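Reader: I would like a close look at a single part of this model, namely the place where its chains meet. Please take me through it in one connected account.

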2 protein chains.
Amino acid sequence: MVAPVLDRRDLEFMIYELFDAEGLTTRPRYEDHNRESFDAAIDTAKALAEKYLLPNRLKVDQNQPTFDGVKVDMPAEIKIACDAIAEAGLISPSADFESGGMQLPAIVASAACGYLTAAGSTVAGYAGLSNANANLIDAHGTEEQKRKWVDPMRVGRFAGTMAMSEPNAGSGLADLTTTAEKNEQGDYLVTGNKIWISGGDHDLNENIVHLVLARVKGAPKGVKGISLFIVPKFLVNDDGSLGERNDVQLAGLFHKMGGRGQTSTALSFGEKGGAVGYLVGEENKGLSYMFHMMNEARVMVGTSAALTALTGYQYSLDYAKERPQGRLPSAKDPNSAPVNIIEHADVKRMLLAQKAYGEGALALCLMGAQLADDEKTAETEEERKQAHLLLDFLTPMIKTWPSEYGPKANSLAIQVLGGSGYVNEHPVEMFYRDNRLNPIHEGTTGIQSIDLLARKVPMKNMAGYQAALAAMADTIAQARGDEALLSYADELEAAIATLKTTTEKLLGAMMEQDIDLALSNSVKYLELFGNVVIAWMWLKQGIVASAALAKQPHESDENFYRGKLHAMRYFFKFELPEINAWAALLQSIDSTSHEMNINWF
Amino acid sequence: MVAPVLDRRDLEFMIYELFDAEGLTTRPRYEDHNRESFDAAIDTAKALAEKYLLPNRLKVDQNQPTFDGVKVDMPAEIKIACDAIAEAGLISPSADFESGGMQLPAIVASAACGYLTAAGSTVAGYAGLSNANANLIDAHGTEEQKRKWVDPMRVGRFAGTMAMSEPNAGSGLADLTTTAEKNEQGDYLVTGNKIWISGGDHDLNENIVHLVLARVKGAPKGVKGISLFIVPKFLVNDDGSLGERNDVQLAGLFHKMGGRGQTSTALSFGEKGGAVGYLVGEENKGLSYMFHMMNEARVMVGTSAALTALTGYQYSLDYAKERPQGRLPSAKDPNSAPVNIIEHADVKRMLLAQKAYGEGALALCLMGAQLADDEKTAETEEERKQAHLLLDFLTPMIKTWPSEYGPKANSLAIQVLGGSGYVNEHPVEMFYRDNRLNPIHEGTTGIQSIDLLARKVPMKNMAGYQAALAAMADTIAQARGDEALLSYADELEAAIATLKTTTEKLLGAMMEQDIDLALSNSVKYLELFGNVVIAWMWLKQGIVASAALAKQPHESDENFYRGKLHAMRYFFKFELPEINAWAALLQSIDSTSHEMNINWF
């Protein structure tokens, strides 16, 4: 049995039919591209995933990196795969042609790299981190910094990390204590300890470029005193060759439940007097620069969660098609042959749920990628600003919904396999472990929910919120043109009305009542908003599928589109109605959590 | 930081205040017991758990058993712990005094053994299996079989297993193919392959007693042709000494995501001509005997899931009390000190949810144990029959609700710890892996749901269903005597009305419509019934807590009871209302899963 890594047909549906990636080729930045070049990039990534990642994923999982005090040891297959990804130009497929990139739209790059993530999310994660790091320096660094650090990262000579958390400052970055002191050369000496640094040390690349948050001595307390520094593992000479070892040391590796291909490290900066660091932008503005990378990383996390859900879906689907077991309730004769388990209604439910979660989540993430394209390349400044606004607003949902429902999907994949799903002969238990990180890193679900309710909803006079509602209203209006979709349009409209009422009550409470109480159920609000947004993604997919069916496509396409409509139906019947219970709770400004006395636990 | 394995105060609340275990001492079987002897048994188990299981749980997790083709190798700490459990009389604490047992009520035995399970569920699992195996032979075996197999299992000389699943017959036992042929001595020769046999081979005990389902040659097809056999690893002479090796071989070990202390094995019976087996009871009635063990195992699974949820709760609670991070939304000053994370409303929500899931689930499981006591020792036959009926009816919920919500609780424990929850420095990621088996083994959630809706609800003219409703109505009536509980009584009553309407619609559909359609959402029905039953358990706890508070207890007890009331409030506000969405779906006889065409996936 070889289950596909992803459903190629669905990926093409998403980028070409749902989001019209081909339309982007009329924009100057993408004018050298066409459907063929997009497909070729996806083909390349798919072939690479199948050759270098898929066959080794269990080995990588079962042999997590070790550290003997000197060197990190990991399966050789990881370096081979990383080199192949770099060689194929897939570290920074969206970068400019002149920087060695393919200048691909983000939505196509996401689809292509989706194969790498689905087949080996943590190995592919090295490239993703390097790319996000390079993008930050590209946006906020000097020309010299770009030349020195960005170009080598784009081609895989150097790797990149993001060094924020400290033992006493994880979610609460305001309290970070790593310090930086200006030296005579105008550089800085960085001292402190960082933890949870993915890819913090390894020998996969010549050098590692850490982007480090630290406080310049004398800086204000809190988030307004944080600066951002480039701190390389090896200093780099002006000709680009490696100089001496910088004062940053691996203090240890964490042993994670999943995602084991990627080292998670504790790093010590400045044990021998100070690690040389180079300021990015201005002092004390580091956190805002880091958000450039963090927002990108948040979309990456959501996408990775969606893809891990989908590859688990494909695997369990394949299994269900081939595994005979039991009979339907209507078949009482023990002499009748057992059916394949895909015939059982409850197995169909578990597969439909995975499909609805995974494809709904991926649609949202790819819409995020499309908005990233638009904020960069849409024709008018107004369109670019609107795209930025909407992406910014939706980021908490893009990060969180897939991260919360991805593990649920993987749990259902396990359940479809039964006992076989619980053992390492099959990868679904690994997907379940891998995916569990996603609600934690790059801002936990709790952090995302506060970001949404306390910052993103009110920001710019609620412009982001209104933009999201307007976009959803457009989809509903479009759906009303198709009789088959009327009831779904109504249901989404009702859900949005519920969302609006809930939002108004919460904003009222934030102004008039105890702010700690008003924000105390922010996670339920994020859940509500997330389910509405995913229902929106399903209605969007339903519109395309229904229109395509009207054109009487050939049989395999007909099946495909009917599957889309049925997964939409599943989501609207089984998942969307749950928001009513959450809305009632939220609208009452429920104080259960807020009022819990800690001595009562 | 040493988090308690379990909250002893809560355990005592459950068995003494909620379920009145002391009241059992008026019954002849328990007349030698009193509160002191019950407490002593719990003390023993707690001390043993803390000495032999807790310190080794990570080692056991990280060094799963290996098989070199000859012998199973596992950490020595497992045998030391198993021997200590046997030595302390905790394999069969409910067995008769004359069989070496402590003749403890099941509810007290469950509480005591709860410490073993919470501190090391898979190591404790060996004892649980032996006990359930011995209980089956006690109930259905001959006197000679009891002497030969039961007594040595009760004291830990022999271990027991349950050998049902085969490579092509897991959930679908009707298709099992292992055969048994009568030999000249009147015994049987058993031939076939079994998989997923927990504890199927090891050197922890002198001998292993497999209870094997097989077909006698010529038996009818399906479940009506299945017989049950005792097939030991070593034959046993009449004086109880070990005889020759039987023809059962370890074919291999499975490598599980969690629960790694307990071997999960593939066994070959009869590779050299046939393993000697001894028939239990009559031919072709094996499945009904096995259900004796399976029902006990199902309650064990639910209990284990609840306890794993609770030990994760204790761990994350302890962590949340000691980990400073961030500030409340109302505290803007970066110079203010960070608070311990237990102060954050969302962390309180995650702890409350764990408490509500774990304690709600454990109350249900202990009610199951109380019913097991009652079916054995209640004064009148009518009471014994009623207890048996209710326990039988509730078993799908007792097995499933804790198994589904236990992993949710453990996921929240991970989330409370953040990144620390994802690494093996802390045990919460292990709990999450361990607990994920519970919705699978001893009948998956899907199997339980069909058992509930197609068998347990209609059985005996709906007598079990009516008994459950009547018991819930009693609790509601009692709650109405306490003003503080009125709204909860109303909400549970409304939920039961919803459950009733749903049940009627489904039974109607089962009679009048396609049975495959009518049963297609059985899992949602089980979810609905489960949430109602757990709300019932919370109202029961609320009644006791509210009455205790009225007596103005000392401060720590006051805090404890207020915590109970607040967890009840959490369950009624956050969890119970979700049933309305499920009920609407079920009452419409939704055909989404049923109608999904397999070609549309």
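Author: A polar contact is here a pair of N or O atoms within 3.5 Å, of which, within protein, one must be able to donate a hydrogen and the other to accept it. By that rule, in this predicted model, 46 residue pairs, both members at pLDDT 80 or more, are in polar contact across the interface of chain A and chain B. On the side of chain A that touches chain B, helix α16 of chain A, residues 555-575, supplies the largest share, which is eight residues. Sorted by class, the residues on that side of chain A comprise 37 nonpolar, 31 polar and 23 charged.

The charged pairs can be taken next. Four salt bridges are counted between chain A and chain B, and one of the salt bridges in the model joins the side chains of R327(A) and D175(B), with an N to O distance of 2.7 Å.

As for extent, 91 residues of chain A are in contact with 91 residues of chain B. The size of an interface is often given as the accessible area lost when the parts come together. Between chain A and chain B the buried area is about 8,000 Å², and carbon and sulfur atoms give 58% of it. Within chain A, the residues that lose the most area to chain B are Y422(A), W600(A) and F601(A), which together account for 11% of what that side buries.

Technical notes: Residues are numbered from 1 along each chain as its sequence is written. Chains are lettered from A and ligands numbered from 1 in the order in which they are written. This is a predicted model: local features need pLDDT of at least 70, side-chain atom pairs count only at pLDDT 80 or more; totals for chains, interfaces and linings use all residues. Side-chain values use heavy atoms; hydrogens and water are left out. Contact means heavy atoms within 4.5 Å. Buried area is the accessible area (1.4 Å probe) that two parts lose on being put together, summed over both. A polar contact is a pair of N or O atoms within 3.5 Å; within protein, one must be able to donate a hydrogen and the other to accept it, and residues adjacent in sequence count only if both atoms are side-chain atoms. Helices (H or I, at least four residues) and strands (E, at least two) are DSSP runs, numbered from the N terminus. Ala, Val, Leu, Ile, Met, Phe, Trp, Tyr, Cys and Pro count as nonpolar, Asp, Glu, Lys and Arg as charged, and the others, Gly among them, as polar.
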